[in-house]
Amino acid sequence: MRLLVINPNISDDVTALIESEAVRSAAPGTELVVRTAGHGVEYIETRFESLIAAGAVAEIIAEHTRAGADPVDGVVVAAFGDPGMPALKELANVPVIGITEAALCAAALQGHRFSIIAISDRIKPWYRDCVERFGLLGRLASIRSINETLNSIGSVQQDFKETLLALSRQAVAEDGADVVILAGAPLAGLARELEGEIPVPVVDGISAGIRMAEAVVGLQSGPHRAGAFAPPPPKDRRGLSENLDAALSAARNSAAPAVPAT
């Protein structure tokens, strides 16, 4: 199995965290192709920054799914908030899994109410929107977050480990969380470090994304050729990159009904 793992941020140090946790989480025989967004922002906190990131992610997916590219079996969008989702599912002929939807599914399987631990106050409204979009707002116990200035996005775990631990414990004791989600690629791997220190299951988004992608690919359910996630219909296009234009054509061609033999 070959998975394309995309960091929608431009931070190479965060990509390194993503890759480390992805390698630890992947099953034997799973090959990971890890990429960083070619344009965008250091880390995504707002809906508008997510919009920018979605275009960067689409370009990378297009590069790896166009005709003639080395094939991948699935894609993991490795930023909490899932920039571009669910629209990106229309572009690829393989499963595209966001770490938010993966983490929420994992949390929902392990408890009734869950809390999200985030890296900033500013990010909380967007995360709440994401939970609502997945239909799980009624099971959200709380979103707790760091309310201090970050020194570096790559050192959030080291700088705020005790704060993140305290927020997680408060979510359990005060908000009634049955499961805690450590949100965002900058926190990749922290759940392993905090094992045994939080009295409920703790979900790592990167780990959940990799394992869920492996599971969905393994199901071999087939691609979207009709319905809400069918590829975009053919129409005039202008100004797209060569990769994106080719990927759209390939997606459309894959959805075309077969012509019966005469």
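The model is predicted: local features need pLDDT of at least 70, side-chain atom pairs count only at pLDDT 80 or more, and totals for chains, interfaces and linings use all residues. Residues are numbered from 1 along each chain as its sequence is written, and side-chain values use heavy atoms, with hydrogens and water left out. Helices (H or I, at least four residues) and strands (E, at least two) are DSSP runs, numbered from the N terminus.

**Salt bridges**
- The count comes to 11 salt bridges (a side-chain nitrogen of Lys or Arg within 4 Å of a carboxyl oxygen of Asp or Glu).
- Arg192 and Glu21 form one of them, with the closest N and O atoms 2.8 Å apart.
- Arg192 lies in helix H6 (residues 190–193) and Glu21 in helix H1, so the pair ties together parts 171 residues apart in sequence.
- Glu21 is buried at 1% relative accessibility, and Arg192 is partly exposed at 41% (buried means under 20% relative accessible area, exposed over 50%, partly exposed in between; 1.4 Å probe, protein chains only).
- Glu21, Arg24 and Arg192 are linked in a salt-bridge network.
- Asp245 and Arg237 also meet in a salt bridge, at 2.8 Å from N to O.

**Helix H4**
- Trp126, Tyr127, Cys130 and Val131 are buried in helix H4 (residues 124–133).
- They lie on the same side of H4, because they cover an arc of only 140 degrees around the axis (taken from the directions from the helix axis to the C-beta atoms).
- Just after H4, Gly135 has a positive phi of about 75 degrees.

**Gly29**
- Gly29 sits in the loop between helix H1 (12–25) and strand S2 (31–36) and is exposed at 67% relative accessibility.
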